[in-house]
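Biologist: Hi! I'm new to this one, could you walk me through it?
Modeller: Happy to, let's bring it up.

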Amino acid sequence: MTGLWFETALLPQGWAKGVRLLVVDGMIAAVGTDAEARAGDERGEIGLPGVGNLHSHAFQRAMAGLAQTRSPAGEDFWSWREVMYRFVGRLTPEDVESIAAQAYAEMLESGFTRVGEFHYLHNDLDGKPYSDPAEMARRIAAAAETAGVALTLLPVFYAQGGFGGEKAADRQARFVCGADSFARLVEQSRAAIARVPGARLGIAPHSLRAATPDQLAAILPLADGGPIHIHIAEQTAEVDACLAWSGARPVAWLLDHAEVDARWCLVHATHMDRTETTRLAESGAVAGLCPITEADLGDGLFPAGPYFAAGGAFGVGSDSNVRIDLAEELRLLEWGQRLAHRARGVAGSGAELFKAALAGGARSLGEARVGLEVGASADIVNLDAEHPSLIGRAGDALLDGWIFSAGRQAVTTVWRRGVRVVEGGRHVRAEAIAARYRATLAGILAR
Ligand code: ZN
């Protein structure tokens, strides 16, 4: 049993002072307000619930910065994807575990306490399954355990190379599986995460490019009530290809052909017309926004104004992990809209964005209880009240200052299941994790 006491903390009903949380077996067992700290309590200044990072490809952390070149032919998402394919052709299971541990430690340091790993790197270098087909899933689970981040594993179904059942290319061979082998992979993934505290399982059809309608219908029941994630409408070329194939835009096609509801997370959904925007908002699904990656890849801007006005839910993900920073994702979500619309406060205030991303992140990752309340996992982030951008603020103004000014430097301590995993802004195992990561990266880049 641990007592955690905060000068102020954000509870589901709002900000409170003198918040004392009692943690038993990693879960919040009691919440007191206007309370005094007791002897032996751990103390914090500004307590917040940890946020779910709803979309990550952990291995891509290791190629951050390696695809920032310019060429006479021009660069875009598709040329970035070729770099990613070449990179993926070198990775061993040991590499993936090492890279993922580094990425997950950095996520915790920025205030993310759960990760949705959109996991598509299944097969060996020759494109054949490993002797244990869930080898890579076990590596992801091991990395999550090392870092202490909560894991929602989303094994990816990837069968085709393009719309209309186009055959997958050789360079996609490490991702590919059939509907039957995917069913086995889902079961083996369930076993792979079984010993990771608080781990959850969902499924992820990679995109409408990568699964035919029949395949989609066959695999969706495997979600078994858990989350269903899909990449959608990230690129205008994808919208054009979907229109050519089906006569419908991707989001409209999905809404017409699948029972999209609150279990779903539509990742990106960047390119929607007004009707799609309203329909997606009304479906109850979560839009999985990845503003840093979407900016990095030149995807385009999500229609945040109309979507939020229609009551749409969203969360944020670090996707390519080119930078890992919760506050920066939310800041860029708003700043992108400001640049495009020459207005301010388009997507929301820092406090509004934080609270919405907290709810959407939890829902999309299968977490029923969210926030600092009895029955929730004691996943808590503390901000530095002495940070220059937070001095003299209270309540929601603290979140505005954190998101739009202080950024990740203001995160001092993070508890996962009531145990400190970040102290003084650094992961408690940062040195060991980074040492292994350095050796891993040197090996990969020398190959
Ligand atoms: Zn992605």
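Biologist: What is the strand order in the open sheet of four strands?
Modeller: The order is β12-β13-β14-β15, with parallel pairing. Strands here are DSSP runs of E of at least two residues, helices are runs of H or I of at least four, both numbered from the N terminus, and two strands pair if DSSP finds at least two bridges between them. One caution: this is a predicted model, where local features need pLDDT of at least 70 and side-chain atom pairs count only at pLDDT 80 or more, while totals for chains, interfaces and linings use all residues. Residues are numbered from 1 along each chain as its sequence is written, and side-chain values use heavy atoms, leaving out hydrogens and water.

Biologist: Which strands stand at the edges?
Modeller: Those are β12 and β15 (313–316); each has a single partner strand, so one side of each lacks a neighbour in the sheet. On average, neighbouring strands of this sheet are turned by 30° against each other, direction ignored. The axes are lines fitted to C-alpha atoms, for helices over the stretch in contact, and angles run from 0 to 180 degrees between N-to-C directions.

Biologist: How many bridges pair β12 and β13?
Modeller: Five, in the parallel sense. Ile230, for instance, has Leu266 in β13 as its bridge partner.

Biologist: And which helix lies across β14 and β15?
Modeller: That's α11 (residues 326–341), which runs at about 130° to β15.

Biologist: Switching topic, which residues are the protein donors of the zinc ion?
Modeller: His55 (NE2), His57 (NE2), His231 (NE2) and Asp319 (OD), at 2.1 to 2.7 Å from the zinc ion. Donors are N, O and S atoms within 2.8 Å of the metal (3.2 Å for Na, K and Ca), and sites may look incomplete because water is not among the atoms. His57, in the loop between β5 (51–56) and α1 (77–88), and His231, in strand β12 (residues 228–232), are 174 residues apart, so this pair links distant parts of the chain.

Biologist: Are His57 and His231 buried or exposed?
Modeller: Both are buried. Buried means under 20% relative accessible area, exposed over 50%, and partly exposed in between, with a 1.4 Å probe and protein chains only.

Biologist: What about strand β6, buried or exposed?
Modeller: Eight of the eight residues of β6 (residues 112–119) are buried, so the rest of the structure largely encloses this strand. Four bridges join β6 to β5, running parallel, and six join β6 to strand β7 (residues 150–157), also parallel. Arg114 in β6 stands opposite Gly52, and the bridge partner of Arg114 in β7 is Ala150.

Biologist: Where does Ser110 lie?
Modeller: Ser110 is in helix α2 (residues 93–110), and at 0% relative accessibility Ser110 counts as buried. The Ser110 side chain reaches the backbone nitrogen of Leu326 at 3.1 Å.

Biologist: Which residues is Ser110 in contact with, leaving aside its neighbours within four places in sequence?
Modeller: Ile324, Asp325, Leu326, Trp402, Arg408 and Val411. Contact means heavy atoms within 4.5 Å. Trp402 is one of the buried residues of helix α13 (residues 396–406).

Biologist: Last one: what is the phi of His268?
Modeller: Positive, about 80°, although His268 is not a glycine. His268 sits in strand β13 (residues 264–268) and is buried, with a relative accessible area of 0%. Asp34 also has a positive phi, near 50°, but Asp34 is exposed, at 67%.

Conventions: Polar contact = N/O pair within 3.5 Å; in protein donor to acceptor, adjacent residues only side chain to side chain.
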